[in-house]
Amino acid sequence: MRIDVVTLFPDFMRQCAAVGVVGRAQQRELLQVETWNPRDYATDNYRTVDGRTCGGGPGMVMLIEPLRTALKAMREAAPEPVRVIYLSPQGARLTQGRVEALAKLPRIALLCGRYEGVDERLLAHEVDEELSIGDYVLSGGELGAAVVIDAVGRLQDGALNDAQSAEQDSFSNGLLDCPHYAKPVRDAYGEVPAVLLSGDHAAIRRWRLKQALGRTWLRRPELLAQRALDAESRALLEEFRREYFA
Ligand SMILES: NC(=O)c1ccc(NCc2ccccc2N2CCOCC2)nc1
């Protein structure tokens, strides 16, 4: 998968994509991240990329021209058709479901706004999808782009080894994650639950599912409403609730 990022801060974006699982995915050529700086496509002597907001008011707006030229260069840099995504507070909320869909595409471009955002006419002609990583305001779209790169990059086949497999991720099955423990078995902070030391893998699977269901019920009940629970999960959640209220 190829991800192109249109950003005034290319070094920052390259560094975000160079570490950890995503950095390794790039080394393994499972993922390619390229950056395009609109300032390199500004033709005036001052390499201007922003302009005063029409109608007055505070702040500046990113100009059409440098972005249009950068996007054209980006599109022409590779043959695959590219889905252009704009990170903004006005976008649709990013979910794991959407991440999984994006991870299957051959190529996406992430347009990062700065200042007060981008001229609406550029968005209308160039952007296929607007996404928000949450209901809060950031100084630029780059952190949203970094979130998309990480969430999508780690799902590329071969990016995670079996130990980290994405299937067990929280949210992958629509539930929050179960608790995790490592040695020592006994610590001043408490003990590892005995079932995890039992070697009974069926019991361990059930315990983890029960904990995931219980935590989701306690912390994010609305996520439970989104999915039908099978008989086993309903029973485990009932068991969790009984113990909780006991
Ligand atoms: N939730 C998100 O995904 C998110 C994304 C971007 C972002 N900021 C960049 C931005 C991009 C587009 C429009 C406005 C702005 N802003 C510029 C600074 O002023 C506020 C508006 N903030 C939050």
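Predicted model: local features only at pLDDT ≥ 70, side-chain atom pairs only at ≥ 80, totals over all residues.
Visitor: How many residues surround the ligand?
Guide: The ligand is surrounded by 16 residues. Among the closest are Tyr86, Tyr115 and Ile133.

Visitor: What kinds of residues are in that shell?
Guide: Eight are nonpolar, seven are polar and one is charged. Strand β5 (residues 83–93) gives the largest share, with four residues.

Visitor: What lies 2.8 Å from an oxygen atom of the ligand?
Guide: A backbone N or O atom of Ile133. Gly134 also has a polar backbone atom 2.8 Å from a nitrogen atom of the ligand. For Leu138, a backbone N or O atom sits 2.9 Å from a ligand nitrogen.

Visitor: And how much of the ligand does the protein bury?
Guide: The protein buries 89% of the 490 Å² that the ligand exposes when taken alone.

Visitor: New topic. How many aromatic pairs are there?
Guide: The count is five. One of them joins Trp217 and Phe245.

Visitor: Why is that pair edge-to-face?
Guide: Because the planes of the two rings stand at 75 degrees, and over 60 counts as edge-to-face. The ring centres are 5.7 Å apart.

Visitor: Where do Trp217 and Phe245 lie?
Guide: Trp217 is in helix α7 (residues 201–219), and Phe245 is in helix α9 (residues 231–245). So the pair ties together parts 28 residues apart in sequence.

Visitor: Is Trp217 buried or exposed?
Guide: Trp217 is buried, at 18% relative accessibility, because the cut-off is under 20%. Phe245 is exposed, at 61%.

Visitor: Which residues form the aromatic cluster?
Guide: Trp217, Phe240, Tyr244 and Phe245 form one cluster. Within it, Tyr244 and Phe245 make an edge-to-face pair, 5.2 Å centre to centre.

How values were computed
Residues numbered from 1 in each chain as written. Heavy atoms only, no water. Near = heavy atom within 4 Å. Polar contact = N/O pair within 3.5 Å; in protein donor to acceptor, adjacent residues only side chain to side chain. Areas by Shrake-Rupley, 256 points an atom, 1.4 Å probe, with all protein chains shown as cover. Helix = DSSP H or I, 4+ residues; strand = E, 2+ residues; numbered from the N terminus. Nonpolar A, V, L, I, M, F, W, Y, C, P; charged D, E, K, R; others polar. Phe/Tyr/Trp six-rings, centres within 6.5 Å; stacked < 30°, edge-to-face > 60°. Buried < 20%, exposed > 50% of the residue type's maximum accessible area, 1.4 Å probe, protein only.
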